[in-house]
Amino acid sequence: MELVLCNHSSYPRIGDDTEHQVLRRTIAQHDKGEKTEDAVRAAQDRMTELALAEQEEAGLDLVTDGQIRWLDPISHLAAKLSGVRVNGLLRFFDTNFYFRQPVVQGKLERTKPLLVEEFKFAKEKSTRSVKAVLTGPYTLARYSVEEKGGAGGFDKMLEGYTAALAAEVAALAAAGATVIQVEEPALLKYPDDFPRLEQSLTALAMSKDSAQLALVLYFGDPAPIYDHLQTLPVDLLGFDFTYNPGLVDRIASNGTARTLVLGLVDGRNTRLEDPAATARQLEKLARGADLSRAYLSPSCGLEFLPRDRARQKLKHLAVIRNTLLGSPA
Amino acid sequence: MSRAKLQSLGIDLPLFPTTSVGSFPKPDFLLKARADFASRRIRLGALEKAARQATEFWIREQEKLGVDVLVDGEMYRGDMVAYFAAHLEGFEEGGLVRSYGNRYYHKPIITGEVHWEEPITVEWWKYARGLTSKPLKGILTGPYTVMDWSFIEYYPDRLTACLALAKEIRKEVEALIQEGAKIIQIDEPAISVRPEELPVAIKAMHIVTDGLPAYFITHICYGAFEAIYPAMLDLPVDNFDLEMSNSGLDILELFKKARYTKDISLGVVDVHSHVVEEERVVEQRLRHALELLPKEAIWVDPDCGLKTRTVEEAIAKMQSVVTAAKALRAVTSDK
């Protein structure tokens, strides 16, 4: 069994030390007209470098840029498209975190790259492989609102987001991304929309070139649609195991045709998992599913934890792997 | 029916009573005092003196504006969960996590059995009460929200943690009532996050309020109302204080499908926008609600606490609330 240790997506953009407050401080000063856009960018760069360094120090094999520049997982992408303005705050799933809701006023168009520069920066600064992460078209569409029929209905909106993100997937692959993670947590709230997601994801898969495409679901239980998910044109499937204690058994029983990203470490709570218990879950999974190569990951982005605990959770991934496979020589 | 309950408690309010959700922005002198206290440049007594001055400032402002049911403005609180966590046994302060945009808060960690040792808000409520003859709300964060917005290390699951908190929060409610509080607001903004857990939240609210002589309000905001309505009406409170303007009054559509049966505090100004709503906009929102709700049931306030606005913006938004309510009061028949 090869267990690749990876971050999920986001990482805290703040900490309790002065050094980790630079971005918050700079944005606040920028809002008062006391700092320039360049100063904000420099603070984002600095916090991204710190996030990368902490992931590397934790022993991860696959890191992310921590989404340090994202104000939230929805508007960061949607607001960069033409035809969109952002509106009031909405709760992000069942968290105490809020996003700005996109209002689609007209045809959605990608007029510039969305994440490529951010990815390139992280790739240049990291000694490890960097995963590109984007919120998927279905989730973006589901959490957008249409204004006066400007988008032509939900399916047109989904089509617009799909076209934009397919182009982004191609651009990320061209920029050297070897793993591109598409996050579609909204599917677990609307599982009947699986055919829509399938169509959207197929378009993204056609744009990925030689990169591996990962579909990652969280904040819900994927068990009811597990068999459908196995048919999707993706290389990796990622799950949040915190919503259904029976998910391990379900996967062990049904097996997998895709490489799994195993979100067995709770990204929403500070309590550290018992490494032996998590190792037993992995053993059970391996008895029924192909884990010759799998990814061990937090269950969701780590921005929901304080920085010190997020760091601990990442280090814990290695503890779990060592418990299962023994310490590296 | 709830108006009768208020009268039985000795509180007589006009049509469309105006209030606010709880927090107001901290004046600059208090922000400085809090920063000085955090860096140990001043002592607790000096900080509390500044908080009392700020409380008096907001009591006077609300009186000048003509607000009907006042709040103390929460000048002594930071985050609505962290404040209570800091005063209950069983919690540790966690590090900073993001709330939205560039806003962060210290998310508490439940590391032991929770326990109420002594009154938390009562002295502040008494201080504010002594500054005004108008009704003053007591405001607490509810057990479901304290549970949901904390990390849980001690309890085996969310349900157990929530019910344990409910028993302790009831003690604070009892302490407020003992000192004379008659309108008590139990904030539960997290209540819609996991609709399948609504029965837990209802059970917890029963623990907090059952058998106690007060008019209870619960404040809910930025949630998926459609997922918990009409089941949420089973919460044992008299009044739901709901964020409505940020969500384009969408919840009113739900009332068309299932009759709304309690008093309601309508959030009619957006607390996350710098733009101060014109009075006619606020009045339109109220008239829209009046198409579906009996006038006797309606209270008027902002969507949520105003603490993220400037002092000037908060006053201006409250002015819009009061002016619109008074205008509507003047033209609405009392037949």
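Two strands pair if DSSP finds at least two bridges between them. Strands (E, at least two residues) and helices (H or I, at least four) are DSSP runs, numbered from the N terminus. The model is predicted: local features need pLDDT of at least 70, side-chain atom pairs count only at pLDDT 80 or more, and totals for chains, interfaces and linings use all residues. Residues are numbered from 1 along each chain as its sequence is written, with chains lettered from A and ligands numbered from 1 in the order in which they are written.

In chain B, an open sheet of 6 strands shows parallel pairing, in the order β5-β7-β8-β9-β10-β11. Strands β5 (138-141) and β11 (298-301) of chain B stand at the edges. Each has a single partner strand, so one side of each is left without a neighbour in the sheet. Neighbouring strands of this sheet are turned by 20° against each other on average, direction ignored. Within the sheet, β9 (residues 239-242) and β10 (residues 263-267) of chain B run parallel and are joined by 4 bridges. Here L242(B) stands opposite L266(B) of β10(B).

A further open sheet of chain B has 3 strands, ordered β1-β4-β6, with mixed pairing. Its edges are β1 (88-92) and β6 (151-152) of chain B; each has a single partner strand, so one side of each lacks a neighbour in the sheet. Strand β4 (residues 109-116) of chain B pairs with β6(B) in the parallel sense over 2 bridges. In this pairing, I110(B) stands opposite I152(B). Helix α7 (residues 158-178) of chain B lies across β1, β4 and β6 of chain B. It runs at about 35° to β4(B) (axes are lines fitted to C-alpha atoms, for helices over the stretch in contact, and angles run from 0 to 180 degrees between N-to-C directions).

Helix α5 (residues 122-129) of chain B has the buried residues W124(B), W125(B) and A128(B). A residue is buried if 20 or more other C-beta atoms lie within 10 Å of its own, exposed if 12 or fewer, and partly exposed in between, with C-beta atoms placed from the backbone. The three residues cover an arc of only 100° around the axis, which puts them on the same side of α5(B). The arc is that of the directions from the helix axis to the C-beta atoms. Their cover includes α3 (44-65), β5 and α7 of chain B.

The largest nonpolar core has 192 residues. Such a core is a set of buried Ala, Val, Leu, Ile, Met, Phe, Trp, Tyr and Cys residues joined through C-beta atoms within 7 Å. Among the residues with the most contacts inside it are I180(A), L165(B) and V300(B). Helix α6 (residues 154-174) of chain A gives the most to this core, with 8 residues. Two residues are in contact if their C-beta atoms, placed from the backbone, lie within 7 Å. Not counting residues up to four places away in sequence, V300(B) touches F16(B), T18(B), L266(B), V268(B), L286(B), V321(B) and A325(B).

The contact between the chains takes 25 residues from chain A and 25 residues from chain B. On the side of chain A that touches chain B, β3(A) gives the most, with 4 residues.

In chain A, D209(A) lies in the loop between α7 (194-205) and β9 (212-216). D209(A) is partly exposed, with 13 other C-beta atoms within 10 Å. Not counting residues up to four places away in sequence, D209(A) touches A170(A) and A173(A).
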